[in-house]
Every structure is written in C-alpha cells, then in structure tokens.
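Please look at the protein shown below and follow its chain from one end to the other.

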Amino acid sequence: MAMEFNRIITLLRKERGITQKQAASDLGISQAQLSHYEKGIRECGLEFVVQVADYYGVSCDYLLGRSAERSGQTITVEDLPEGSSTSGSVYRGSVLPTMYKKLIENSLDILFDKLDQCRDKRVVTAVSNYLMLAVYGMFRQLYQSAPKNVASLFRVSPARWQHAADAAMAAQQGELAAVLAGEDEGGPAPDPAVFSMTTESLAREYPRHATSLMNLVKNSEEAVRGLQR
C-alpha cells in the first residue's frame, strides 16, 4: 500500500496548493506524522485512509492505487467513450484491443487539445512526429512478421529501419525538450501555463476522456516499473 498511497496523498496535497503543516492540522495529526506517511516511512491505518479520502474528495481505491479514476470507478470497454475520430466506426474482435484503442484515442484527444491551446508549431510538429514514428515502428514489425507481405512497401532497409526509427524518435524528444526549455532558435518557449493541469482539472475539462488518460498513465507506469525489477 505504501508506495502508491504516499505518492498519491503527496500529489493531492500539492495539487491543492496545501502546505504539509496545514494538511496535517486539518487531518488532526502532527506534521511529522504526515511527513512519514508521504515519504512512505510509516503506514497508516484504514481509518486514516478513509479520512484522507473524504478530505480530498476521492475514493479509497484511488488513494491505494487500485483505480486510476478519482471516483474509484473500475472501467469496462463499454464505459469508455468513442474517440472523436472514430465516431460511427465498428469495432471488431476481442475486448482487449478495443479497450486499448479507446484508451489511446481518448488520451490523444486530450493531448492534441493541449497542443491546439499551445499554438506553437514546433511543439505540435515534435510531438506529432514522435507519435507517427511510434505507430510506424509497431506497424512495420507486424507487417514484416508475415513473410508473404511485400517488403518494397518500405523505403528504409530492413537492417536499418528500427535503429533509424529509434534515433529519429529520440531526436524529436530532443527537439521538444529544446523548445520547452527556450533553447530553440525558432522563438521563445511556449507559455508553460498552457500545460498547467491537475488530476482534478483534467477530470473537469475532459469529463468523458480523462478516465482513459489516467488509465493509460497507470498502465504505462506499471510497464516502466516492471523494467526496474
């Protein structure tokens, strides 16, 4: 419990702009005790978990990392809205690819809405190129796994493409980092306020799609953390 609980209670406090001293006072414990909870040094009792859930207006399942949704909702494929780009389309096959497709599409809707608000061509280009390269890489691997598929569909050679695509993706990450840091010669860095967001603001601004994004983040971090074990 400690790993997720301490991360999430710290996140919620900072998103609200509440000092550790104030939160501890409101919750009726010492600042030192709250500090231990936030650092994962000590584990609290279930009664305190419920108290914190009421304090921040979230579910206990969310606090414990069991749900990516603040309300604690456990989503099914039917709960996820259709992405704006697939309105009217017919999903075929099993539930799993349909679920992931919706998670990704709905999350991309939020990402590109933020890019639209940013209105910086350099940011839009770097992010879009990175995503296109990621899709290209996955598509090419699947395509090449069937020996009868015609290899001449692609111009980059089989021995070179994967390393070249990885390098191109890393280059786009570098371009984006330079723009956001104000190091790019094409102009000043975009206003960081454009990308200011909290879990609460995301849920408010994107009531139909934030659930998808939060679950995508949760799934992705579980995959990343799996590499560290």
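The model under discussion is a predicted one. The protein contains 10 helices and 0 strands, and its pattern along the sequence is accordingly written α-α-α-α-α-α-α-α-α-α. Of its 229 residues, 35% count as buried. Among the contacts with a separation of 6 or more, 59% are made by residues 24 or more positions apart.

Which residues of helix H3 are buried? In this helix, which covers residues 31-39, they are Leu34, Ser35, Tyr37 and Glu38. When H3 is viewed down its axis, these buried residues fall within an arc of 160°, and therefore they line one face of the helix. An α-helix has 3.6 residues a turn, so residues three or four places apart point the same way. Just after H3 comes glycine 40, which takes a positive phi of about 80°.

Is glutamine 20 buried or exposed? Its relative accessibility is 18%, and because buried means under 20%, glutamine 20 counts as buried. Leaving aside neighbours within four places in sequence, glutamine 20 is in contact with Arg13, Gln31, Leu34, Ser35 and Glu38.

In soluble globular proteins, nonpolar side chains tend to be buried together. In this model the largest nonpolar core has 20 residues, and those with the most contacts inside it are Phe48 and Leu63. At least two residues of this core come from each of helix H1 (2-16), H2, H3, helix H4 (46-56) and helix H5 (60-63). H4 supplies the largest share, 5 residues. If residues up to four places away in sequence are not counted, phenylalanine 48 touches Phe5, Leu27, Ile29 and Tyr37. Another core, of 7 residues, lies apart from the largest one and includes Ala68, Tyr206, Leu213 and Met214.

How many cavities of 30 Å³ or more does a search of the whole structure find? The search finds 2. The largest cavity has a volume of about 60 Å³, and its lining consists of Ala68, Glu69, Arg70, Thr199, Leu202, Ala203, Ala210 and Met214. Helix H9 (199-205) and helix H10 (210-227) each supply at least two residues of this lining, with H9 giving the most, 3 residues. By class, the lining of the largest cavity divides into 5 nonpolar, 1 polar and 2 charged residues.

The second largest cavity holds about 30 Å³ of space. Its lining is formed by Leu12, Glu15, Arg16, Tyr56, Arg70 and Glu200, and H1 gives the most to it, with 3 residues. This lining has 2 nonpolar, no polar and 4 charged residues.

The largest pocket has a volume of about 1,100 Å³. Of the 31 residues that line this pocket, Ile104, Leu108, Tyr130, Leu131 and Leu216 lie nearest its centre. Two or more lining residues are given by each of helix H6 (95-118), helix H7 (121-144), helix H8 (161-180) and H10. The largest share, 12 residues, comes from H7. What are the classes of the residues in the lining of the largest pocket? They divide into 25 nonpolar, 4 polar and 2 charged.

The second largest pocket has a volume of about 440 Å³. It is lined by 20 residues, of which Glu4, Arg7, Val217, Lys218 and Glu221 lie nearest its centre. The elements that give two or more residues to this lining are H1, H9 and H10, and H10 gives the most, with 6 residues. The lining of the second largest pocket has 8 nonpolar, 4 polar and 8 charged residues.

How values were computed: Residues are numbered from 1 along each chain as its sequence is written. This is a predicted model: local features need pLDDT of at least 70, side-chain atom pairs count only at pLDDT 80 or more; totals for chains, interfaces and linings use all residues. Side-chain values use heavy atoms; hydrogens and water are left out. Buried means under 20% relative accessible area, exposed over 50%, partly exposed in between (1.4 Å probe, protein chains only). Helices (H or I, at least four residues) and strands (E, at least two) are DSSP runs, numbered from the N terminus. The arc is that of the directions from the helix axis to the C-beta atoms. Contact means heavy atoms within 4.5 Å. A nonpolar core is a set of buried Ala, Val, Leu, Ile, Met, Phe, Trp, Tyr and Cys residues joined through side-chain atoms within 4.5 Å. On a 1 Å grid over the protein atoms alone, a cavity is a set of points where a 1.4 Å probe fits but cannot get out, and a pocket is an open set with protein on both sides within 12 Å along at least five of seven lines; lining residues have an atom within 4 Å of a point. Grid points are joined across faces, edges and corners, and a volume is the space filled by probe spheres set on the points. Ala, Val, Leu, Ile, Met, Phe, Trp, Tyr, Cys and Pro count as nonpolar, Asp, Glu, Lys and Arg as charged, and the others, Gly among them, as polar.
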